[in-house]
Amino acid sequence: MANITKKVSWSSRGDESGPAGEETPLLNGSEQSRPLTQMSSGSTKFQIGRLSTVDLEEEITTEEQESARGRPKEIPHNEKLLSLKYESLDYDNNENQLFLEEERRMSFMAFRCVEISRWVICGLIGLLTGLIACFIDIVVEQLAELKYKVIKENIVKFTEAGGLSISLILWVVLNCVFVMLGAIMVAFFEPIAAGSGIPQIKCYLNGVKIPRVVRLKTLLVKVLGVICSVVGGLAVGKEGPMIHSGAVVAAGVSQGRSTSLKRDFKIFEYFRRDTEKRDFVSAGAAAGVSAAFGAPVGGVLFSLEEGASFWNQMLTWRIFFASMISTFTLNFILSIYHNKPGDLSNPGLINFGRFESEVMEYNLYEIPLFMGMGALGGMLGALFNVLNYWLTIFRIRYVHRPCLQVMEAMLVAAVTATVAFIMIYFSTDCQPLGPDHNEEYPLQLFCADGEYNSMATAFFNTPERSVRSLLHNPRGTYNALTLGLFTLTYFFLACWTYGLSVSAGVFIPSLLIGAAWGRLCGILLASTTPNGLTWADPGKYALIGAAAQLGGIVRMTLSLTVIMVEATGNVTYGLPIMLVLMTAKIVGDYFQEGLYDIHIKLQSVPFLHWEAPATSHWLTAREVMSSPVTCLNRIEKVGTIVDILSNTSTNHNGFPVVAQVSVDDEPAKLCGLILRSQLIVLLKHKVFVELARSRLSQRKLQLKDFRDAYPRFPPIQSIHVSQDERECMMDLTEFMNPTPYTVPQETSLPRVFKLFRALGLRHLVVVDDANRVVGLVTRKDLARYHLGKHGLEELQLAQT
């Protein structure tokens with residue numbers, strides 16, 4: 001795919017079939033496009049969807065073919081594409097006869113037991129997420145303490161004797177070893193565990209099935225990887241990955257089995273479907289936020305703001321319960337670890353410390369200053385996102401081999417240690433080591449006795465401790481030059497680090513950058529304004545700066561306000577933080593999208609936003625839908641079903657069931673909808689009409705058989721169907737959903753979008769006046785329309 005050019009062919013929607021060899025491929029939620037058909041012109045051309053064709057103009061040379069056989073040096077990337085490799089989750093219950101019979105058989109007490117099970121699962125999710133957070137926190141603290149003590153002793157030894165370069169080499173080697181371990185685990189064993197995992201969980205809650213995102217192996221690599229990357233001294237935090245870890249725990253616990261370990265505990269079988277699993281994953285994500293920041297309400301709001309499309313009051317309560325249990329577990333275990341059993345004052349992994357109300361008072365005239373800082377945070381956040389965007393595109397194109405990814409991570413670790421050492425070495429910012437200074441690893445270096453190097457407080461520490469020192473250290477702890485240099489270097493280091501093949505979050509680096517320039521603003525205000533010393537407290541401005549920078553990068557408003565308020569333990573700053581985050585979001589959005597949205601777009605995920613594009617009212621379902629549609633008869637021949645499922649060029653996942661399929665593809669009357677996964681289970685169990693007549697004792701297929709096969713349904717290639725069985729008939733009446741959601745073909749795109757997004761659908765059947773199937777709308781049909789710089793744009797669909 002050397003050169004991709006866009007050709008949009010607005011063929012009339014149903015009258016013209018197009019010339020031979022250019023038929024519109026079927027795209028019933030298909031995950032692959034039709035194979036390329038050679039045109040007489042010599043260029044390869046294939047139609048995608050209903051509206052557009054992608055033309056691959058360049059012929060592939062022999063050299064390119066050879067490089068394609070091995071690993072290509074450069075992977076071309078075009079963000080105007082939408083990947084067909086992602087499937088949708090089916091949030092809508094399949095109300096077939098089996099489902100309705102089971103629901104009718106269940107007594108009131110059985111329904112109560114199911115509801116109690118939901119609460120028990122949420123409690124378990126909270127408990128396990130809290131324990132994982134404890135494990136990460138304690139191991140990071142122990143290893144970091146060991147690392148910094150060894151380096152500190154070495155530096156003290158060589159400061160007097162000379163030869164500090166040995167200390168630098170030791171620091172670099174230690175960092176590289178830890179980062180190498182973390183990067184190898186991610187790059188070679190589970191690439192999906194890279195980064196914070198928040199974009200992937202956002203996609204999952206949006207209804208996109210990201211492969212391997214909630215596997216046990218992903219969780220193990222995530223937890224061990226984040227420990228390695230934080231201890232390895234990278235500009236990262238351990239809070240983001242906690243959200244992903246909580247989601248994986250939720251997906252595993254709620255199913256009552258582990259498909260990775262091939263163990264089935266025969267519990268919670270009722271919840272083995274996308275509808276229930278997605279609700280529990282949103283509870284897991286909330287529990288992760290809660291454990292990371294000690295913010296149960298913030299966790300609930302995060303799930304609401306970032307993810308779940310379908311929401312109800314009971315779900316809110318259950319998610320809040322999971323978040324509360326998560327925070328309580330973390331608190332309780334850490335209180336025992338710190339030899340203060342029962343003292344529940346360490347709410348989350350990041351503890352901003354308590355802000356005293358007297359110090360933190362603010363006046364009306366400071367509000368414009370706060371908003372100005374919010375605007376600055378928005379601009380710096382946009383700059384961070386733009387730089388990271390270009391860096392990520394470079395990585396997609398050139399750094400795609402696992403060995404290269406590990407080498408890049410080690411390079412960043414070495415550069416981070418070297419930069420930190422040089423900054424500390426040349427810093428002349430010496431501060432007295434008084435009784436009220438609670439520095440963990442004070443470095444004296446070339447300072448006088450009884451003094452310590454202030455730059456070392458920021459660099460020679462875990463990022464969480466650095467944030468706390470910037471927020472709480474008394475006035476005069478840092479000079480302006482130190483903070484300015486630290487902000488500049490850490491900004492670029494954090495930008496370079498996000499997107500490496502290591503498990504790491506961006507929350508803490510953002511807070512640290514913001515706290516540094518916020519404190520700098522406080523110092524400048526105190527020195528340049530009359531009576532500045534009385535009202536311009538550096539700690540107060542460090543908090544505002546931290547909020548502005550984080551808001552400018554990730555663009556969360558509602559949940560982030562509550563998370564910040566809960567983490568600081570002071571509700572006084574609710575209003576300023578809210579204003580700052582709103583300002584940062586508005587200013588940042590003017591220049592560039594949020595960091596998570598950028599990474600979702602770069603992965604070409606068919607992500608559905610809250611609303612349809614503003615200027616899309618003129619489009620109707622007939623223009624958006626995929627057609628013609630592969631339909632099945634109510635009683636269908638087994639051979640026909642096997643052939644349709646085996647067709648790799650049209651890998652459909654949903655098939656409308658009609659009264660009678662016509663030979664000339666004329667629309668037929670809709671009877672229901674059946675999924676690929678259901679057909680595979682029916683073929684596996686050989687539910688054929690002839691066999692049912694001949695074997696009267698044959699066990700009737702139950703809903704349990706479908707749940708046992710979920711979520712990893714076997715591929716059609718693994719199911720053997722003999723030649724005689726191909727001639728049998730299969731009755732789909734009992735298994736199809738007889739009441740799928742349908743829309744008339746004249747429905748406007750925003751209306752279709754609202755129905756699809758709010759109900760979490762996977763397939764939406766388009767019918768004519770006589771209820772005959774004319775098309776099918778899937779997630780990709782809707783996600784490919786978005787507002788660009790030149791109005792409404794249409795993305796191409798491609799197998800990437």
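The model is predicted, so local features are reported only at pLDDT of at least 70 and side-chain atom pairs only at pLDDT 80 or more, while totals for chains, interfaces and linings use all residues. Residues are numbered from 1 along each chain as its sequence is written, and side-chain values use heavy atoms, with hydrogens and water left out.

We can begin with a sheet. Three strands form an open sheet in the order β12-β14-β15, and the pairing is mixed. At its edges stand β12 and β15 (670-675), each with a single partner strand, so one side of each is left without a neighbour in the sheet. Strands here are DSSP runs of E with at least two residues, helices are runs of H or I with at least four residues, and both are numbered from the N terminus. Two strands count as paired if DSSP finds at least two bridges between them. β12 and β14 (residues 654-658) run parallel and are joined by two bridges; in one of these strands, β14, Val658 is the bridge partner of Asn633. Helix α24 lies across β12, β14 and β15, and runs at about 75° to β15. That angle is taken between N-to-C directions on a scale from 0 to 180 degrees, using axes fitted to C-alpha atoms, for helices over the stretch in contact. Contact means heavy atoms within 4.5 Å.

Strand β17 (residues 742-744) is joined to β18 by three bridges, and the two run parallel. Within β18, Val766 is the bridge partner of Val743. Strand β18 (residues 763-767) is mostly covered, with five of its five residues buried. Here buried means under 20% relative accessible area, exposed means over 50%, and partly exposed lies in between (1.4 Å probe, protein chains only). Both faces of β18 are covered: one side carries His763, Val765 and Val767, the other Leu764 and Val766, and all are buried.

Burial also applies to a charged residue. Asp274 belongs to helix α8. Asp274 is buried yet has no salt bridge, and Lys209, the nearest side chain of opposite charge, is 5.0 Å away. A salt bridge requires a side-chain nitrogen of Lys or Arg within 4 Å of a carboxyl oxygen of Asp or Glu. For charge, Lys and Arg count as positive and Asp and Glu as negative, whereas His and the chain ends are not counted. Apart from neighbours within four places in sequence, Asp274 is in contact with Leu89, Asp90, Tyr91 and Tyr710.

Pro711 sits in the loop between α26 (703-709) and α27 (723-726). The peptide bond from Ser627 to Pro628 is cis as well, with omega near -5°, and Pro628 is in the loop between α22 (621-624) and β12 (632-633).

Phe268 has phi near 55° and is located in the loop between β9 (263-264) and α8 (274-293); at 18% relative accessibility, Phe268 counts as buried. Lys686 has phi of about 50° and lies in the loop between α24 (676-684) and α25 (689-694).

Finally, the cysteines. The structure holds zero disulfides, a disulfide being a pair of cysteine sulfur atoms within 2.5 Å. Cys122 is buried at a relative accessible area of 1%, and Cys176 is buried at 12%.
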